Amino acid sequence: MPLHIRAAKNDDFPVLAQLSEPVQKLHAALYPVDFKRDVDAVNVASFFERVAARPESAIAIAEQDGVPVGYIWFDISSRPENAFKPPQSFVYIHHVSVAPDARRRGVASAMLAYAKEKAHAAGVDEIRLDTWIANVEARQFFEAHGFAPFIVMLRRPAFTP
Ligand SMILES: CC(C)(COP(=O)(O)OP(=O)(O)OC[C@H]1O[C@@H](n2cnc3c(N)ncnc32)[C@H](O)[C@@H]1OP(=O)(O)O)[C@@H](O)C(=O)NCCC(=O)NCCS
């Protein structure tokens with residue numbers, strides 16, 4: 001059976017919790033201060049349930065031969081004009097992850113194509129995301145798909161000179 005990308009359903013939240021484990025572990029290994037090493041799968045499932053209830057959010061699951069192998073969570077964001085900026089609309093990808101043994105077979109590319117289709121259907125012409133500097137593989141994936149940096153986030157300890 002070919003690769004199939006479908007919208008997540010209400011009984012998928014535990015599956016999403018499972019699918020998010022590798023990316024959580026990776027982030028926790030790379031940035032132990034920023035990410036929990038041990039997460040509660042029930043809490044994570046509830047998190048996805050709350051996200052899915054938001055009107056601007058979309059979650060999709062990639063299935064290979066009927067087996068879930070990846071997921072993507074993105075928002076279609078519309079920001080009203082303010083004193084400094086014109087109105088802006090863009091798709092914002094919060095998570096995209098593929099099971100380790102299903103990588104380099106086009107799964108994430110197919111999920112990105114799904115997000116692009118949703119952006120197109122919503123009349124939105126830009127996709128944004130952030131990715132952690134140390135996550136080299138993800139950066140290579142995004143670069144291969146034409147994403148380029150446009151903002152830099154900085155930090156430093158508060159109490160050292
Ligand atoms: C990044 C990630 C989502 C890519 O998923 P994937 O299904 O393996 O990606 P694809 O097979 O669609 O790759 C498409 C192209 O992206 C590039 N690419 C993907 N993974 C790469 C890697 N590890 N190293 C170098 N280039 C890579 C390649 O150009 C690849 O094409 P090719 O295989 O023909 O060379 C996957 O590695 C992953 O789940 N990583 C952990 C989670 C994560 O970091 N998510 C992003 C942060 S939220």
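Author: The model is predicted, so local features need pLDDT of at least 70 and side-chain atom pairs count only at pLDDT 80 or more, while totals for chains, interfaces and linings use all residues. Residues are numbered from 1 along each chain as its sequence is written, and side-chain values use heavy atoms, with hydrogens and water left out.

Reader: OK, what is a salt bridge here? And how many does a search of the whole structure find?

Author: The general idea is that side chains of opposite charge can pair when their charged atoms come close. The cut-off is a side-chain nitrogen of Lys or Arg within 4 Å of a carboxyl oxygen of Asp or Glu. Searching the whole structure turns up seven of them. In one, aspartate 12 meets arginine 6 with N to O at 2.8 Å.

Reader: Are aspartate 12 and arginine 6 buried or exposed?

Author: Buried is under 20% relative accessible area, exposed is over 50%, and partly exposed is in between (1.4 Å probe, protein chains only). Aspartate 12 has 5% relative accessibility, so it counts as buried. Arginine 6 is buried too, at 15%.

Reader: Which parts of the chain does the pair of aspartate 34 and arginine 155 link?

Author: Their side chains form a salt bridge, again 2.8 Å from N to O. This pair joins distant parts of the chain, 121 residues apart: aspartate 34 sits in the loop between α2 (21-30) and α3 (41-53), and arginine 155 in the segment after α5 (136-144). Those labels are DSSP runs numbered from the N terminus: helices are H or I with at least four residues, strands are E with at least two. Aspartate 34 is partly exposed at 32%, whereas arginine 155 is exposed at 61%.

Reader: Now the strands. Which way do β1 and β2 run, parallel or antiparallel?

Author: First the rule: two strands pair if DSSP finds at least two bridges between them. Strand β1 (residues 4-7) and β2 (57-64) run antiparallel, with four bridges. Histidine 4, for instance, has glutamate 63 in β2 as its bridge partner. On to β3 (67-79): β2 and β3 are antiparallel as well, joined by eight bridges. There, alanine 62 stands opposite glycine 70 of β3. Two residues lie between the strands of the β2 and β3 hairpin, where aspartate 65 takes a positive phi near 50 degrees.

Reader: Why is β2 largely enclosed?

Author: Because six of its eight residues are buried, β2 is largely enclosed by the rest of the structure.
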